[in-house]
Amino acid sequence: MGIRQQTIDDYGAFVEKFKPKKTTDDCYTPPEVYETIKDWACREYGIDPSKVVRPFYPGGDYESFDYSGGKVVVDNPPFSILSKICAFYRDRYIPFFLFAPNLTIFSSTSRNGAHMLVTDCAIEYANGAIVNTSFVTSFGDDLIRTAPDLTKLVNDTVKQVRHKSRKHLPKYAYPPELLTVTRLNKVGNAGVDFRVKASDVAFTRALDSQRAVRKAIFGGGYLLSEDKAAELKAAELKAAEDVTVWPLNDKEKQIIGKLG
């Protein structure tokens, strides 16, 4: 390895050290998901929505937060210190409903008096992490319970959020007289032997209609003669399903050429 390459690699490693790492403590909840959970908690435990607060935000200090006036914490705290947070609220009689890691909920909260809702909600957080999530709370009489209706509400909301945020890629359709690698892949994979001679095609990187909007054919393509275009179309039909394709003879092609 050359000195220059080593210097580049060392610099890259140096920069990487200062990049924020994505952990479960960085799981910022999509607003729609949070509202679903908050609404459920308010209905279930009679919480006044106007009293709900969220002390866990970037740079926030939950220990110095103002909890006066009967405020209720409904939030997604850092999972790494969840047990400490629950103990803090318990000792100060601050009511809470908090997100918790599903698989380790027993070990992280069972010894600090929090009630556990084992829901296994597959929440996709804003950083892209999908974390199976349950909840711990100061409300209720049961030490451990399930909440199937909450699980369904959250999972349904997550699906809706994911559908909205999914990128809708543009779809393009080319005329039958344009030969692309994609078209050849389909007929070739179906076992169809399709061939063209140099006299049958003309290479192009983009159609004029594409150039007008600064688009191009990915990988380029070839304009086909009418006969070869018809032959390729028949090959694609054959590739799509096991059918017999009846070809046109020269006389029929001449008739078609005079039509219109």
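Here is a short tour of aromatic rings, charges over rings, a helix end and a histidine.

Before you click, know that this is a predicted model, where local features need pLDDT of at least 70, side-chain atom pairs count only at pLDDT 80 or more, and totals for chains, interfaces and linings use all residues. Residues are numbered from 1 along each chain as its sequence is written, and side-chain values use heavy atoms, with hydrogens and water left out.

**Stop 1: the rings.** Rings of Phe, Tyr and Trp (its six-membered ring) count as a pair if their centres lie within 6.5 Å; planes under 30 degrees apart are stacked, over 60 edge-to-face, and the rest tilted. That rule gives 14 aromatic pairs. Select Phe 88 and Tyr 89: their centres are 5.7 Å apart and their planes sit at 65 degrees, so this pair is edge-to-face. Phe 88 is buried at 9% relative accessible area (buried is under 20%, exposed over 50%, partly exposed in between, using a 1.4 Å probe and protein chains only). Tyr 89 is buried too, at 0%.

Next, pick Phe 99 and Phe 135. With centres 5.2 Å apart and planes at 75 degrees, they also make an edge-to-face pair. Phe 99 belongs to strand 3 (residues 96-101) and Phe 135 to strand 5 (residues 130-137), so the pair ties together parts 36 residues apart in sequence. Strands here are DSSP runs (E, at least two residues), helices likewise (H or I, at least four), numbered from the N terminus. Phe 99 has a relative accessible area of 0%, and Phe 135 has 0%.

Now select Phe 56, Tyr 62, Phe 65, Tyr 67, Phe 88, Tyr 89 and Phe 96: ring pairs link them into a cluster.

**Stop 2: charges over rings.** The test is NZ of Lys or CZ of Arg within 6 Å of the ring centre and within 35 degrees of the ring normal. Show Arg 54, which lies over the face of Tyr 34 at 3.6 Å from the ring centre. Then show Lys 228, over the face of Phe 194 at 5.3 Å.

**Stop 3: helix 9.** Select residues 250-258, where the count of buried residues among the nine is zero. Asn 249 caps the N-terminal end, with a side-chain oxygen 3.2 Å from the backbone nitrogen of Lys 251.

**Stop 4: His 115.** Find His 115 in strand 4 (residues 115-124). Is His 115 buried or exposed? His 115 is buried, at 17% relative accessible area.

Terms used
A polar contact is a pair of N or O atoms within 3.5 Å; within protein, one must be able to donate a hydrogen and the other to accept it, and residues adjacent in sequence count only if both atoms are side-chain atoms.
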